Amino acid sequence: MSDDPHRDTEPALDEATLGRIETEVALLMRFGEATRRATDTAEHRVLDRAAYVILRHLDAAGPQNVSVLAARLNLDGSTVTRQVTALQRDGLITRTPDPSDGRGTVISPTTAGLHRMAAVRAARTRLYGDMLADWTTADRDDLARLLNRLNQALVDRNRRRS
């Protein structure tokens, strides 16, 4: 009998398929970064990846304190604090006292931060539009759905380990 409580209720995992998935995810991360660096469009370089993700999240979820932001992005609070400090130095976010915790601050994107984030988002959307132009709408929808599902599985796994 297996020590894994899920082993008895789940079908056996196909090691060859899991190996292919692992390789494809590793390549996706590598090729995605290489594509970003090699793209001539200036909009791709107006924000680093960390700043872009923080601003995208703040735009979608609204102002938040650093601990909530760190938890959502599955990062250490000190890492997010460093990133937020750089964003504030560049005028891309503001900090205001947290009304629910006087020791903390609430992070909000500035208009400049939202403009930069929107420029990067538009450039990335164009890039993926060009790369996926010959894919069917259904294939693009499937890719978006499955990437979202993979990201959610990663978030859920990391939350269980915390």
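Which residues are buried in α5?

A: Happy to! Bear in mind that this is a predicted model. In α5, the buried residues are G113, M117, V120, A123, R124 and L127. Looking down the axis of α5, you find these buried residues within an arc of 125°, so they line one face of the helix. The other side of α5 has exposed residues, T111, H115, T125 and D130. As for length, the 21 residues of α5 should span 30 Å at 1.5 Å a residue, and this agrees with its end C-alpha atoms, which are 30 Å apart.

Now for the partners. The buried residues of α5 pack against α1 (15–38) and α2. Take α2 (residues 49–61): its axis and that of α5 (residues 111–131) come within 10 Å and cross at roughly 105°. With angles of 65 to 115 degrees counting as roughly perpendicular, α2 is therefore roughly perpendicular to α5. From α2, the contact is made by Y52, L55, R56 and D59, while α5 brings G113, L114, M117, V120, R121 and R124. By type, the residues of this contact of α2 with α5 are five nonpolar, four charged and one polar.

A loop residue belongs in this picture too. L47 sits in the loop between α1 and α2, and it counts as buried because its relative accessibility is 6%, where buried means under 20%. Apart from neighbours within four places in sequence, L47 is in contact with Y52, L55, L92, R116, M117 and V120. Between L47 and A119 there are 9.4 Å in space, C-alpha to C-alpha, although they are 72 residues apart in sequence.

Key:
Residues are numbered from 1 along each chain as its sequence is written. This is a predicted model: local features need pLDDT of at least 70, side-chain atom pairs count only at pLDDT 80 or more; totals for chains, interfaces and linings use all residues. Side-chain values use heavy atoms; hydrogens and water are left out. Axes are lines fitted to C-alpha atoms, for helices over the stretch in contact, and angles run from 0 to 180 degrees between N-to-C directions. Helices (H or I, at least four residues) and strands (E, at least two) are DSSP runs, numbered from the N terminus. Angles under 35 degrees count as roughly parallel, over 145 as roughly antiparallel, 65 to 115 as roughly perpendicular and the rest as oblique. Contact means heavy atoms within 4.5 Å. Ala, Val, Leu, Ile, Met, Phe, Trp, Tyr, Cys and Pro count as nonpolar, Asp, Glu, Lys and Arg as charged, and the others, Gly among them, as polar. The expected span of a helix is 1.5 Å times one less than its number of residues. Buried means under 20% relative accessible area, exposed over 50%, partly exposed in between (1.4 Å probe, protein chains only). The arc is that of the directions from the helix axis to the C-beta atoms.
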